[in-house]
Amino acid sequence: MSIVLRRCRKPAVKMAEEINSSSAAAAAATAAASEEKKRSLWPSVLRWIPTSTDHIIESEKRLLSLVKTPYTQERVNIGSGPPGSKIRWFRSASNEPRFINTVSFDSKEGSPTLVMVHGYGASQGFFFRNFDYLAKHFRVIAIDQLGWGGSSRPDFTCKSTEETEAWFIDSFEEWRKAKNLTNFILLGHSFGGYVAAKYALQHPEHVQHLILVGSAGFTSETEHRSEWLTQFRATWKGAIINHLWESNFTPQKLIRGLGPWGPDLVRKYTGFRFSSGGDGLTNEESALLADYMYHTLAAKASGELCLKYIFSFGAFARSPLLHRASEWKVPTTFIYGLHDWMNYERAVEARKNMKVPCEIIRVPESGHFVFIENAPDFHSAVYYACRRFLSSDQDNQSSNQDNQSLPEALLFV
């Protein structure tokens, strides 16, 4: 079942329902929604964790009300897999259909398709500052990965790095098939960059261009050889944190453990993290993002449990992308905030072994969340990375300021 919501320029929201799955899948989805509805009847104040799937979608709508471009929201059915399925991410105690929460923005006919994938602990709404600009040039589609945001949160049963990668790659491929997409530009941020790169390595025929924004997963701990990390692990604090990491204790568990005090902690974090600087969030943006963050973080643990299988303590990849640089088949642009804690030098190392075009762009006055902290220059970087896909009509319609600022506002490595 694919449920589509369309937000127009007016405050009203139009709803349309399109049934494209089997009656069994539809019945299962209806039963799940009914059960969720029963749970949500309890007032938030009476629940230890004041959230639900309905809360996530409603907070998403509130955050995206800041976006002027009309969009559609849909839950794309990616199936549940037949009994005994060997597809790893299908393994679960439940046979309910899985859905990928998807938002698509209006664009001009013939515009190239840009698919955006969020990072760890985030969801597609984190790109709210970028949708208006990007939709002028692209057919923009943003998703919540399986187990995140408003997407389905099946039981996480993966027990290895290989299975965990398949959870995200295979579910994304099923989503692509359901959307009938080919030849798209794929943008991933942080952990989403890792997933996007792994997907492009496995399915290069579908990806025209790869944009990795502050991508995680390029080096392993042995390659990094951090003396500081070794010394820290030897301390009692380091030993405890390393134990928590290997026990798969995620930041989201802390938010849930705080119960009704969780929303206040997230509000304080959001205000501290994003509301300072020249392009900091407004009070309204900060409040809406904090509300959205809380509901996506506090919901059922699912995709977040990938952490220890993908990274070792210190966020070092267990299956580093750097080792596969020579296998790269898709032209790639790396984008980093100038103060990003992800090291752009790893991309420089990877480029040496790549046999495809590769550019590395650093954006000033920004860190790891470059698309929030310096949205205008981030947009220039994306536009520049995709310049060969944009038609001459779009080029002519772009402002002189856009075209002139591209090489000047950005730092090319």
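Tutor: Let's start with the holes: the count comes to two cavities of 30 Å³ or more. A cavity here is a set of points, on a 1 Å grid over the protein atoms alone, where a 1.4 Å probe fits but cannot get out, and lining residues have an atom within 4 Å of a point. Grid points are joined across faces, edges and corners, and a volume is the space filled by probe spheres set on the points. Bear in mind that this is a predicted model, where local features need pLDDT of at least 70 and side-chain atom pairs count only at pLDDT 80 or more, while totals for chains, interfaces and linings use all residues. Residues are numbered from 1 along each chain as its sequence is written, and side-chain values use heavy atoms, with hydrogens and water left out.

The largest cavity comes to about 60 Å³. Around it you'll find Ile100, Ile143, Gln145, Leu146, Phe168, Ser171, Phe172 and Val195. Helix 4 is the top contributor, with three residues (helices, H or I with at least four residues, and strands, E with at least two, are DSSP runs numbered from the N terminus). Sorted by class, that lining has six nonpolar, two polar and no charged residues, where Ala, Val, Leu, Ile, Met, Phe, Trp, Tyr, Cys and Pro count as nonpolar, Asp, Glu, Lys and Arg as charged, and the others, Gly among them, as polar.

The second largest cavity holds about 30 Å³.

Helix 5 runs over residues 191–202, twelve in number, and covers 17 Å from first C-alpha to last, close to the expected 16 Å (the expected span is 1.5 Å times one less than the number of residues). Eleven of its twelve residues are buried, so helix 5 is largely enclosed by the rest of the structure; buried means under 20% relative accessible area with a 1.4 Å probe, protein chains only. Among those buried residues are Phe191, Val195, Ala197, Lys198, Ala200 and Leu201. They pack against strand 5 (113–117), helix 4 (161–179), strand 7 (184–189), strand 8 (207–213), helix 12 (307–310) and strand 9 (311–312), contact being heavy atoms within 4.5 Å.

Now the rings. Phe, Tyr and Trp rings (the six-membered one for Trp) pair if their centres lie within 6.5 Å, with planes under 30 degrees apart counted as stacked, over 60 as edge-to-face and the rest as tilted. By this rule there are 24 aromatic pairs. One of them joins phenylalanine 168 and phenylalanine 191: the centres are 5.2 Å apart and the planes at 80°, so the pair is edge-to-face. Phenylalanine 168 belongs to helix 4 and phenylalanine 191 to helix 5, so this pair ties together parts 23 residues apart in sequence. Both phenylalanine 168 and phenylalanine 191 are buried. Ring pairs also link these two into a cluster with Tyr120, Trp148, Phe156, Trp167, Tyr194, Tyr309 and Phe311.

Terms used:
Buried < 20%, exposed > 50% of the residue type's maximum accessible area, 1.4 Å probe, protein only. 1 Å grid on protein atoms, 1.4 Å probe; cavity = no way out; pocket = protein on both sides within 12 Å on 5 of 7 lines; lining within 4 Å.
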